[in-house]
Structure formats: C-alpha cells, structure tokens
Amino acid sequence: MRPRLPALVLLLGLSSLGGCATTKSASPPLTEEQKLAAEVARLAAEAEDLLKSQDLLVWRFWAEGARADMASTYVGKEALFSLDNIRKIDRLRQRTTDARELRALTALQSHFAGEYLSQQLAEVNDAIANLEASLTFQVDGREVRWRDLERLLANERSAPRRKALYVAATPALERLNPLIHRREQRTEELVRELGYASYEAFGGELRQADLGRLGLLAEEVLQATEKPYKEVMERLAQRELGMPFTSLTRADLPRLFRPREVDGFFPKSELLLRAHGTLSGMGIDLGEMKNVRIDARDDVKRKNPRPLTLGIEVPKDVRLSVRPIEGALEQARLLHEFGHALHYAFTKEARFELAKLGNPTVTEAYAALFEDLSEDPVWLEEHAGLSGKDRASYLAATSAHKLFLIRRAAGKLLYQLALHRQQEEVDPRELYRTLLERVDEMPATDDDVARYLVEQEDFFQSADNFRAWFLAGQLQGQLKARFGPSWWHEPDAGKFLKELWAHGNALSAREVAEAMGEKGISPDVLLLRLGATLGVPIKLDAREDNGTSKPTAPASPENTPVAPEAPAQESAPAEEAPVTPTPEPTPATPAPAPAPASTPAPAAPSSASRTSKVSKLRKPQTRHARSAKVTSPRKKEGSRPQHGQKTRGKRTH
C-alpha cells in the first residue's frame, strides 16, 4: 500500500535531517596570514630537525672522536635558508603584536639569516680555516705551528724568547689577512642583501641589544677601571714576571695570566664530585635526571678533554661530555658547563625558538654564575681546601685576569662600532692601534697591529660576554643576599634558580635581572667585587666626578620596556619583499615578553646598592645556537666551540 502523504513527508524530512547530521560543513578557507603562519611553522620544524642532527654529530665528534661531516647534513636542504624563506618569517614577524610570538619569530629569523650568511661565506671560511691549520713559522731553526703560539708563550720563562716567538709568528698570520678582508667585504654585501641598513643593525638584532647604549657602557667601564687596572697590572707583573708593567709587551700576557700554581688542589678525580656536591646542597642531582646524560669516560682516546654541554633537544635530551684533567682552570670550565646543563635541563619552555634559539647572553650568565664559584673564597676553602696565601694569590691573579677581559671586551665593542660607523675613510690599523693602547695601557707595536684582522670578532660578539658577566655578578649578589654567603647549601636557592631556568630563553637578560629585583643589567656588582678582591676601589660613573654630564643614548630593549609594533601593512610578494630592518641606530628587537606570572622570589634589595655599602668596609656559535650562525674560523686548536657553532662545508676529523 502506498504511504499516505504526511508519512512520506515525514520520512523525507527525517532523511534530510540525518543527512545534515552526518555531513560536515566545509571549513572556511585559510587567510593569507594563516597560510603564512603555517609555512613559517613548517620552516621552524625543518630547522629544528636539522639542528638536532647536527648536534648529534657534534656530540659524537666531541665525546667519541668520530668523524663529523657537517656539510652532509645540508644535502637536500639547500633551499631551507633562502632569502625567500627569511622574508616569509620577517613578513609574519611584522604582522605580529604578541610580545612572546614576536620574540620567537625574531629568534627564528636571526637563525635563518645567520645560516644564510654562513652558506654564502662557506668557501672563504673554509679557505681561512685550512690556511690557519697549516700555518707554521721558524724559531731558532725549528718549525712551530701558529696555533701553538699562545701555549708556547705561556710556558716560556724568558721574556726575550717570548718576544722572539711573537714576532716570528707575524709574517705567518699576515697571510690570513687578505682572505679575512675578502670575507669582511662580502659579509657587508650580504647583510645588505638581507635587507638590513648596516652591519651594526644586523649585529644589534643578533645580540638583541642596543649597541649604541652598550658602547656608552663600555666607555664608562674603561674610564672607571683605568687607574685600578694599571695598579693591579703593576703588582701582577712584578709578582709573576719580576718586571714592571711598563716593560711588558703583549708577548708576555699569556705568561702573566697562565694558570696559577694551585692545580694540586684540584685533582682530576674530584672535579665531578665537587660539581655534583655543590648542586646537592640545593637539592639538585643532575646524575639522577632522566633528561641529562653525563659522559665522563676517561678511556676514549680521541675524546676532547674540554667539557662541553649540548642541548640536543631542550629540555628532553641534554648531554655533558667531560674527560677530567687536573687543574683549577679545568674545574672552572666544568662548573661553567654545569651551568649550561642546568639551564637546559630545567627549562619548561616547549617552543623550539624560545628554548634553543635566540641570543645566548642569558644562558652564558648562568654558566658564568657557576664558573665564578671557582673564584669564591668560601667555596674554594670548602671544596678545595684552598685558603691563606695560596688562596689570596690565586684570587688576585684570577680577578686581575677578569678585569683585563672586561676591558678587552669593552675595547672590542668600541672598535667595531667606530669601524662600522665611519663616515669617511679611516685606516682600521690605526683605529685598532689607538683602542688597543687605551684598553691594555701598553704601547702597540707593528706586530700587535698586524693582528687587527685575525683578532677581530663577528657581529659584536663581545656584547654577549660583556652582559653575561655583569648579569652573573648580579645573580651572585642576589643569591648571597637571599640565602647567605654559602648559597649553594640552600634548597631555596635551588628553587629560586629553577624558576628562572624554567623560562628558557623566553626572557631577555634585562627581564631576568628585573625578575630578581634589579633595575636592569648593571656592572656595579661585578666591578665592586673585583675591586674588593684586588684591594683597589672601582667606582662607576667616573665622568660625573669630573663635572661632565653622562652621555645619553636611545632607549634600548635591554634597558627599557618597549611596546610591540603595530601590525605591518600587507607586504609585497616574497620574491620582491626585502627583509624589513629596524631603522638605525636601534636594531629590530622583539618587545619584552610579559613578566612571568610569578617571579622567582620576593625581590631582594638591589645587589648593586647592597654591594656598594659593603665596599665601604667580588662549535658548534652560541649554545642557543646558531642564531648567530656566522662563525669565525679563527679559533685556536683545541678550543671549545661556542654553543651552537659548527663548521660548515668542512669535514671534521
């Protein structure tokens, strides 16, 4: 029987409803911005996978002496670090207003730009590295490798022989200068191809700093330390070399700063025990953490003896290689690497760009904090039994060396700023001579000046150590104020540091300082500590005492908060759009991330002011990586790679 009409209508209606229930509505098409974000996320994932494979190669090379062909990792990925992809990241960055996202994209773009430069400079970098490895010179009828020069100078007792070694090496190293000069010229061209207005603009973005303001700080530090430095160096020269400071040449410096005669206090069998023992008081045991692997094997013939930490996959896979060797210097190096391992292992930041990429100043500060324990009087007596005259002599020498290094870093910053800001033709040799004489307070010979290119660094690299040392000093001051002189015995100190480490690289150095109650990065704590140890007052703001006003500088992301930029207008197609640099003199830098929901601990009084009161009465490029991927091949043999640094296009044996 045929169904009645109402029943048929009902049946058809139910069928229609059933169809609606099972058929999904079409998703709206992705916007151009969503497509761009998805593409950038894909690029970041590819870069992360590549970095992981490269770090594994570096690990096997360092810990096992295995051959590492880094160039092979780029096969099939030649187009990853292209100008087109860099511009895609930059377009998304220009449209971003979220501070955290902006910081992540800036770190990713810097990484890609650095890789691009390294790719373009691979041929000349390899030529420099190969020539450097083969350089030799003749001294008294014997052939000496240039890479051995510093070690030979440190071990040579005779001042005339030290000078002879130094002078004899000059013609050999001058063979590097034409290649280095060609590399510098090509680098300038490539920076502009990337769309940056200048070498300084790109360097400022890599360092995440206002280089102009840092230059003012460098100038202030040089002025404040000039007189104390000369007094300290005179004492050290007389004690260590039996010579007045005015008679020293730069050939004498490696001998002057050679490791002190305290190595017997640091037997190799106790280096790891001391490091672990230091952490145990804070309730931290790296050896029991599943995400940390410590390779302390001593029977691997080709294992590099220098400690190295690698964040293979931060924080899931952190590795520390160590082959214990006796000595105070080796203990300091191991503590330094423990600082990096702690930062990586306790990071809770899941985003690759904020866990592994970005400027390395913060992680270097944590490493410097633990390295500085080897210069802490309380720690030295407790862990090494070093006290009395031995400790006083050791600390005087190490503090003098730190003061020397701070002045050298300040001088390098000022030299590079002056060199790249020149409005008219300036002789770089004479500029180098002038700053070298001022920084070292020693006459510069022609042999010294001949090293002006060999000793030049890439993209204001000293800015990282400069700030890291000062931030580490502030961290130490805060820890002592909160938890006492032996802060490493307090579990609460461990909790305090863990909350800082949890942010990974998502906080800038300035924000880390503010999170613990400081107003920003300041050199006061470290300089006052050095002055107290050395018995020479060091007072910053020396220019104000002369009745002159302190120079001012544009606001810096490292010193003042900045609001995120408004979204950029629609960019031109990728093949035509230049990378958008920030106008000079301030480089494009991500706005500070929002303050953490809970700061590590109640803010203690500023360590700078606190120390002032007491004084009236002390590669793989960066570890975060290859954000500053442009590498310098001019490293001494056997030296550790900067974190993240790798040699491109060259097989490592």
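Trainee: Which residues of α15 are buried?
Mentor: They are Thr361, Val362, Thr363, Glu364, Ala365, Tyr366, Ala367, Ala368, Leu369 and Phe370. Buried means under 20% relative accessible area, exposed over 50%, and partly exposed in between, with a 1.4 Å probe and protein chains only. Helices are DSSP runs of H or I with at least four residues, strands are runs of E with at least two, and both are numbered from the N terminus. Please note that this is a predicted model, in which local features need pLDDT of at least 70 and side-chain atom pairs count only at pLDDT 80 or more, while totals for chains, interfaces and linings use all residues. Residues are numbered from 1 along each chain as its sequence is written, and side-chain values use heavy atoms, with hydrogens and water left out.

Trainee: What covers the buried residues of α15?
Mentor: The covering elements include α12 (271-280), α13 (328-345), α20 (462-483), α21 (491-501) and α22 (509-515).

Trainee: And how many residues of α20 are buried?
Mentor: In α20, 19 of the 22 residues are buried, so the helix is mostly covered. Just after α20, Gly484 takes a positive phi of about 100°.

Trainee: Changing topic, where is Asp252?
Mentor: Asp252 sits in the loop between α10 (211-241) and α11 (253-256). Its relative accessibility is 2%, and therefore Asp252 counts as buried.

Trainee: Which side chain does Asp252 join in a polar contact?
Mentor: The partner is Arg162, at 2.9 Å. A polar contact is a pair of N or O atoms within 3.5 Å; within protein, one must be able to donate a hydrogen and the other to accept it, and residues adjacent in sequence count only if both atoms are side-chain atoms.

Trainee: What else is Asp252 in contact with?
Mentor: Apart from neighbours within four places in sequence, Asp252 is in contact with Ala159, Arg162, Leu241, Met243 and Ser247. Contact means heavy atoms within 4.5 Å.

Trainee: Next, Phe257: buried or exposed?
Mentor: Phe257 is buried, with a relative accessible area of 13%. Phe257 lies in the loop between α11 and α12.

Trainee: Which residues is Phe257 in contact with?
Mentor: Neighbours within four places in sequence aside, Phe257 is in contact with Met233, Leu236, Ala400, His401 and Phe404.

Trainee: How many residues apart in sequence are Phe257 and Phe404?
Mentor: They are 147 residues apart in sequence, and 9.8 Å apart in space, C-alpha to C-alpha.
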